[in-house]
Amino acid sequence: MINPTIFREYDIRGIADTDLTDENVYLFGRGLGTYYRSHGETKVVTARDVRISSPRITATLQRALNDAGCDVIDIGIAPTPVFYFSLFHYDVGSGVMVTASHNPKEFNGFKINKYKSSIYGQEIQKVKRVINENKFVSGKGNIEERDIFPHYLDYVVGQVRIKKGLRVVVDTGNGTCGPLVEQILKKVGVEYQILYKEP
């Protein structure tokens, strides 16, 4: 049984090494894939943050989704807003962001989307019930890696007009967005300095 307390109101979040073991993540992925397929969704975007546990968790999640018959589009390391953007750019309704947001480094978790919107509350509890019932659909999906960043950069830069000569300082807090912020600032032509850029 997966620790039931990780199923929160707006996401799934727990201690990476104990709550999100490979076995538990696999069960979660099979349950989520079953949930998606019951709603007619068979394609899923995945992304992850830069926590040390995220590559392991993401790989196990993707394998479980494939075994549930879901195809995966993997956009790799990405800030959560870029993950949301990818659902619309690729016109894929379902997606999972592997992240624990602002929580300490020992945590990790999942933000879940269906029909291009975040699920929460009772919908997250439905996923938990599917897992507890242990009645999973099966199939054979595949994984495709895609680079969303050029499309996101073009979109963002196309939405703004910044007066030349602007000078900015940005603190990206060693998060996922540092390199992306630098590319945006270069493209819009401002003078900038970035603090704690490296993820």
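**Salt bridges, cores and ring pairs in a predicted model**

Asp 49 and Arg 51 form a salt bridge, with their closest N and O atoms 2.9 Å apart. A salt bridge here is a side-chain nitrogen of Lys or Arg within 4 Å of a carboxyl oxygen of Asp or Glu. Both Asp 49 and Arg 51 are buried. Buried means under 20% relative accessible area, exposed means over 50%, and partly exposed lies in between (1.4 Å probe, protein chains only). The model is predicted: local features need pLDDT of at least 70, side-chain atom pairs count only at pLDDT 80 or more, and totals for chains, interfaces and linings use all residues. Residues are numbered from 1 along each chain as its sequence is written, and side-chain values use heavy atoms, with hydrogens and water left out.

The whole structure holds 9 salt bridges. Another of them joins Asp 91 and Lys 116, with the closest N and O atoms 2.6 Å apart. Asp 91 lies in the loop between H3 and E4 and Lys 116 in the loop between E5 and strand E6 (117–118), so this pair ties together parts that are 25 residues apart in sequence. Helices (H or I, at least four residues) and strands (E, at least two) are DSSP runs, numbered from the N terminus. Asp 91 counts as exposed, at 57% relative accessibility. Lys 116 is partly exposed, at 23%. A further salt bridge connects the side chains of Glu 191 and Arg 167 (3.6 Å, N to O). Glu 191 belongs to strand E9 (residues 191–195) and Arg 167 to strand E8 (residues 167–171); the two are 24 residues apart. Arg 167 is exposed, with a relative accessible area of 65%.

The charged end of Arg 146 sits over the ring of Tyr 90, 4.7 Å from its centre. For such a placement, NZ of Lys or CZ of Arg must be within 6 Å of the ring centre and within 35 degrees of the ring normal.

The structure holds 6 aromatic pairs. Rings of Phe, Tyr and Trp (its six-membered ring) pair if their centres lie within 6.5 Å; planes under 30 degrees apart count as stacked, over 60 as edge-to-face and the rest as tilted. Phe 85 and Tyr 155 make a tilted pair, with 5.4 Å between centres and 40 degrees between planes. This pair links distant parts of the chain: Phe 85 is in helix H3 (residues 80–89) and Tyr 155 in helix H5 (residues 149–159), 70 residues apart. Phe 85 is buried, at 15% relative accessibility. Tyr 155 is partly exposed, at 44%. Ring pairs link Phe 85, Tyr 152 and Tyr 155 into a cluster.

The largest nonpolar core has 25 residues. A nonpolar core is a set of buried Ala, Val, Leu, Ile, Met, Phe, Trp, Tyr and Cys residues joined through side-chain atoms within 4.5 Å. Ile 12, Phe 28, Leu 32, Leu 61, Phe 110 and Ile 112 have the most contacts inside this core. Two or more residues come from each of helix H1 (22–38), helix H2 (54–67), strand E4 (94–98), strand E5 (107–114) and helix H4 (122–133). H1 gives the most, with 5 residues. Apart from this core lies another, of 19 residues, among them Ala 47, Phe 83, Leu 87 and Ile 148.

Leu 61 touches Val 25, Phe 28, Gly 29, Thr 46, Val 96, Val 98 and Phe 110, not counting residues up to four places away in sequence. Contact means heavy atoms within 4.5 Å. Val 45 is in strand E2 (residues 43–48). Val 45 is buried, at 0% relative accessibility. Leaving aside neighbours within four places in sequence, the contacts of Val 45 include Ile 73, Phe 83, Leu 87, Val 92 and Val 96. Val 45 and Val 98 are 53 residues apart in sequence and 11 Å apart in space, C-alpha to C-alpha.

Most residues other than glycine have a negative phi. Asp 91 has a positive phi, near 55 degrees. The phi of Ser 101 is also positive, near 55 degrees. Ser 101 lies in the loop between E4 and E5 and is partly exposed, at 35% relative accessibility.

The search of the whole structure finds 0 disulfides. A disulfide is a pair of cysteine sulfur atoms within 2.5 Å. Cys 70 is buried, at 0% relative accessibility. Cys 177 is partly exposed, with a relative accessible area of 26%.
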